[in-house]
Amino acid sequence: MLADHGRYAYSSIETRDAPDWPGGKRLAVYIALNVEVFGFGEGLGAELAPGASVGIPQPDVLNYAWRDYGNRVGVWRLLDEFYRLELPVSVLANSETYTAAPGIMEAFRKRGDEVVAHGRTNSERQGVLDEDGERALIAETTEVIAREEGRRPRGWLGPWISQSRTTPDLLAEAGYEYLLDWCHDDQPVWMATRDGGRILSVPYPQELNDIPAVVARKVEGRAFAEMIIDGFDEQLEQSGKQPLVLGIALHPYIVGQPHRLRPLRAALEHIARHRDEVWLCEAGEIAAHWREHAG
């Protein structure tokens, strides 16, 4: 027997009865901005050049400093663009950001942007923890964000898209309404959780995502921007058949670099020019609309 996760059954997108987005729109577009912090000289972290992952002794200053640029400079350049183009953002935030990089979350709170829980830091994976440890990580992350924002987060993305076999169960039991870790569809999908519960999976991009593109596949900024434009144009056309979701995942230490920011700006401008044709929204708005109109 083929091993199965038991979370959802197979379904062809061609056969579903799915609701339109608000205003009769057919394509929902959201920007997922990953705001992350990293421990110095320890733990995980994306690499601009081979570092700790190939045995170079810690502290790996080159890669740590490259990532730190995102919170000191890159995120503020991106914030300017979000204001200029009037684009909503889902901020996928490590809870340690509030103390490690003060001012960032306050700036997005001023805009009214949604905060999605993204673990404590991106120096760790949650999927390697035992159930009690993972439950504690979720609880700690939730408590910090709820305290700082005045409301608890509704959505979750695990650091490094890391899940154990019980992560959806633990998130549902902790009161989360949706998760972003699964990238298996262009529409939201209900996932079963234990004891008869369920949690909604909102599509999150692993292709239109600057870490897999730039860091893993060595695609540079102009090509990544072209991927965004091509993906948007194709999904807009395909949405004539059924309502779809398009997410774009950005990390300030990657696309906030000047030579990548310039072509990204053109891609964001391209999307903004189509604002009358699509629903520019947050991931949480997608989840709420689906929950209300698709059961």
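## Close-up views of a predicted model

**View 1. Glu-86 sits in the loop between α1 and β2 (90-93).** Phi of Glu-86 is near 55 degrees. That is a positive value, and Glu-86 is a residue other than glycine.

**View 2. Gln-58 and Pro-59 are joined by a cis peptide bond.** Look here at the link between these two residues, where omega is about 0 degrees. Pro-59 belongs to the loop between β1 and α1.

**View 3. Helix α1 packs with helix α3.** Follow α1 through residues 61-85 and α3 through residues 104-111. Their axes are 11 Å apart and meet at an angle of about 10 degrees. Because angles under 35 degrees count as roughly parallel, α1 is described as roughly parallel to α3. On the α1 side, the contact is made by Asn-71, Val-75, Trp-76, Leu-79, Phe-82 and Tyr-83. Helix α3 answers with Ile-104, Ala-107, Phe-108, Lys-110 and Arg-111.

**View 4. The largest cavity holds about 60 Å³ of space.** Rolling a probe the size of a water molecule over the atoms shows where empty space is left. For this model, the count comes to 1 cavity of 30 Å³ or more. To find the cavity, look for its lining: Val-29, Tyr-30, Ile-31, Leu-87, Pro-88, Leu-268, Ile-271, Leu-280 and Cys-281. Three elements, β1 (27-35), α9 (258-272) and β9 (279-281), each give two or more residues to this lining. Strand β1 gives the most, with 3 residues. What kinds of residue make up the lining, nonpolar, polar or charged? The lining divides into 9 nonpolar residues, with no polar and no charged ones.

**View 5. Asp-185 forms a salt bridge with Arg-16.** Zoom in on this pair and you will find the closest N and O atoms 2.7 Å apart. Asp-185 lies in the loop between β5 (178-179) and β6 (189-193), while Arg-16 lies in the segment before β1, so the pair ties together parts that are 169 residues apart in sequence. How many salt bridges does the structure hold? There are 19 salt bridges in the structure, and the pair of Asp-185 and Arg-16 is one of them.

Notes: Residues are numbered from 1 along each chain as its sequence is written. This is a predicted model: local features need pLDDT of at least 70, side-chain atom pairs count only at pLDDT 80 or more; totals for chains, interfaces and linings use all residues. Side-chain values use heavy atoms; hydrogens and water are left out. Axes are lines fitted to C-alpha atoms, for helices over the stretch in contact, and angles run from 0 to 180 degrees between N-to-C directions. Helices (H or I, at least four residues) and strands (E, at least two) are DSSP runs, numbered from the N terminus. Angles under 35 degrees count as roughly parallel, over 145 as roughly antiparallel, 65 to 115 as roughly perpendicular and the rest as oblique. Contact means heavy atoms within 4.5 Å. On a 1 Å grid over the protein atoms alone, a cavity is a set of points where a 1.4 Å probe fits but cannot get out, and a pocket is an open set with protein on both sides within 12 Å along at least five of seven lines; lining residues have an atom within 4 Å of a point. Grid points are joined across faces, edges and corners, and a volume is the space filled by probe spheres set on the points. Ala, Val, Leu, Ile, Met, Phe, Trp, Tyr, Cys and Pro count as nonpolar, Asp, Glu, Lys and Arg as charged, and the others, Gly among them, as polar. A salt bridge is a side-chain nitrogen of Lys or Arg within 4 Å of a carboxyl oxygen of Asp or Glu.
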